[in-house]
Amino acid sequence: MATAGKVIKCKAAVAWEADSPLVIEEIEVAPPQKNEIRLKVIAASICLSDVYHMYKGKPKDGFPVVMGHEGAGIVESVGPGVTEFKPGDKVIPLYLSQCRDCKFCKNPKTNMCEKDWSGNQMFKQSPSEIRFTCRSKPLLQFMRTGIFSEYTIKNKIALVKVHDDAQLDRVFLFGCGVSTGYGAAINNAKVEPGSVCAVFGLGAVGLSAVMGCKHAGASRIIAVDINEERFEKAKILGATDFVNPKLHQKPISEVLIEMTNGGVDYSVECVGQVDVMRSALESCIKGWGVSVIAGWTDLYDFSARPIQLIAGRTWKGTSFGGFKGKDDVPKLVLDHMAGRINLDVFVTHNMNLDQINEAIKMMMAGGCIRPVISVSK
């Protein structure tokens, strides 16, 4: 392409500081360096992890930053050492990399990667890694992605090629939310046919967990949320029962235990609140109940009474639904294209990059599941 090897000037949504709206700026995106790919971003959306970074976590070294990590685009150019991708390829950025060489990538028990960012480095980039600038100031890329930009840069271990016929304004959902919830049910909880499940929180991750429980053969799926407007979408994806905790005087775990004669076989927490995480665990039946934490937070400790685990329950967490990005995301895309994974139900609004702050407000207010943000024309 004519832009290969050159700096590209384009629009991006920049968070200059915490607790402030994003600012649409003209930024400069450097050419890709060794093992890097520059892509034109076609579609993206907001995940609550973006909102968390801006308004809750607010790490002191996490600004200024180009936000966004869930999206899809087309390869514009590649740097030295890149043979897996070529200009024109349809791709989905991965916030969790897969180098395929480290001890974690070679172990089927995990989707972690030794070369990925760790928990205390997820928002940091060294000066040698900076590819974005604005007003002569360096900009970070949120989760090493920065998808709210018309162009962005990714390392080859954190990008996956998808089918040429994939619809980018749908399959971008596999970049975070849908993969996380769906995989939490089928990979981490390992839901079994005929089992009883509960999903706490019906955002994109929770609705995906409902879908995962259904596809795994669960006979009963209890959807738990204080926003009853989301029950209909949960029903479409397979939920059989619906509970609003605000309508009950007793703890929600006791409600579910009474509904299921002892507790659910599997629960998935998709809210990111430590009290809900505990409720999800306590809703599980003793002896074999499994509870998976899929919601993100790093502000508070979580706790439970030891007897909850001593009695035979298992408490575990998930990142990206246990999927190995490069291996599994192309398969998820094919499942969608074959009609086995419904993505249309998640899309509630269609917007453009200039409307990003409006979209964030809707997400924070619970007024939408996923807005499709058209980033580039």
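Colleague: Which elements do the buried residues of α7 pack against?

Modeller: They pack against β11 (196–200), α6 (252–259), β14 (266–269), β15, α8 and β16. Packing here rests on contact, meaning heavy atoms within 4.5 Å. Helix α7 itself covers residues 274–282, and its buried residues are Val276, Met277, Ser279, Ala280, Leu281 and Glu282.

Colleague: What makes a run of residues a helix or a strand here?

Modeller: Both are DSSP runs, numbered from the N terminus: a helix is H or I over at least four residues, a strand is E over at least two. Keep in mind that this is a predicted model, where local features need pLDDT of at least 70 and side-chain atom pairs count only at pLDDT 80 or more, while totals for chains, interfaces and linings use all residues. Residues are numbered from 1 along each chain as its sequence is written, and side-chain values use heavy atoms, with hydrogens and water left out.

Colleague: Why is Arg131 called buried?

Modeller: Buried means under 20% relative accessible area, exposed means over 50%, and partly exposed is in between, using a 1.4 Å probe and protein chains only. Arg131 has 12% relative accessibility, so it counts as buried. You will find Arg131 in the loop between β6 (90–93) and β7 (132–134). Leaving aside neighbours within four places in sequence, Arg131 is in contact with Glu28, Val29, Ala30, Pro31, Gln33, Glu36, Gln141 and Ile153.

Colleague: What joins the side chains of Arg131 and Glu36?

Modeller: A polar contact of 2.9 Å joins them. The term stands for a pair of N or O atoms within 3.5 Å; within protein, one must be able to donate a hydrogen and the other to accept it, and residues adjacent in sequence count only if both atoms are side-chain atoms.

Colleague: And Arg170, why does that one count as buried?

Modeller: Its relative accessibility is 15%, so Arg170 falls into the buried class. Arg170 sits in helix α2 (residues 168–171). Not counting residues up to four places away in sequence, it touches His336, Leu343, Asp344, Val347 and Val372.

Colleague: What makes two rings an aromatic pair?

Modeller: Rings of Phe, Tyr and Trp (its six-membered ring) pair if their centres lie within 6.5 Å; planes under 30 degrees apart count as stacked, over 60 as edge-to-face and the rest as tilted. By this rule there are four aromatic pairs. One of them is Tyr52 with Trp296, at 6.2 Å centre to centre and 80° between the planes, which is edge-to-face. This pair links distant parts of the chain: Tyr52 is in helix α1 (residues 48–57) and Trp296 in the loop between β15 (290–293) and α8 (306–310), 244 residues apart.

Colleague: Is Tyr52 buried or exposed?

Modeller: At a relative accessible area of 10%, Tyr52 is buried. Trp296 has 39%, so it is partly exposed. Another pair is Tyr95 and Phe320, also edge-to-face, with 5.4 Å centre to centre and 80° between the planes. Tyr95 is buried at 8% relative accessibility, and Phe320 is buried at 1%.

Colleague: How do you know that the chain is divided into domain 1 and domain 2?

Modeller: The bounds come from an automatic or database domain assignment. Domain 1 is 9–19 + 82–177 + 322–374, and domain 2 is 180–320. Their centres, taken over C-alpha atoms, are 26 Å apart. In this arrangement, 25 residues of domain 1 are in contact with 24 residues of domain 2.

Colleague: What do domain 1 and domain 2 bury between them?

Modeller: About 1800 Å², with 63% of it on carbon and sulfur atoms. Buried area is the accessible area (1.4 Å probe) that two parts lose on being put together, summed over both.

Colleague: What makes Asn261 stand out?

Modeller: Asn261 has a positive phi of about 60° although it is not a glycine. Most residues other than glycine have a negative phi. Asn261 is in the loop between α6 and β14, and with a relative accessible area of 73% it is exposed.
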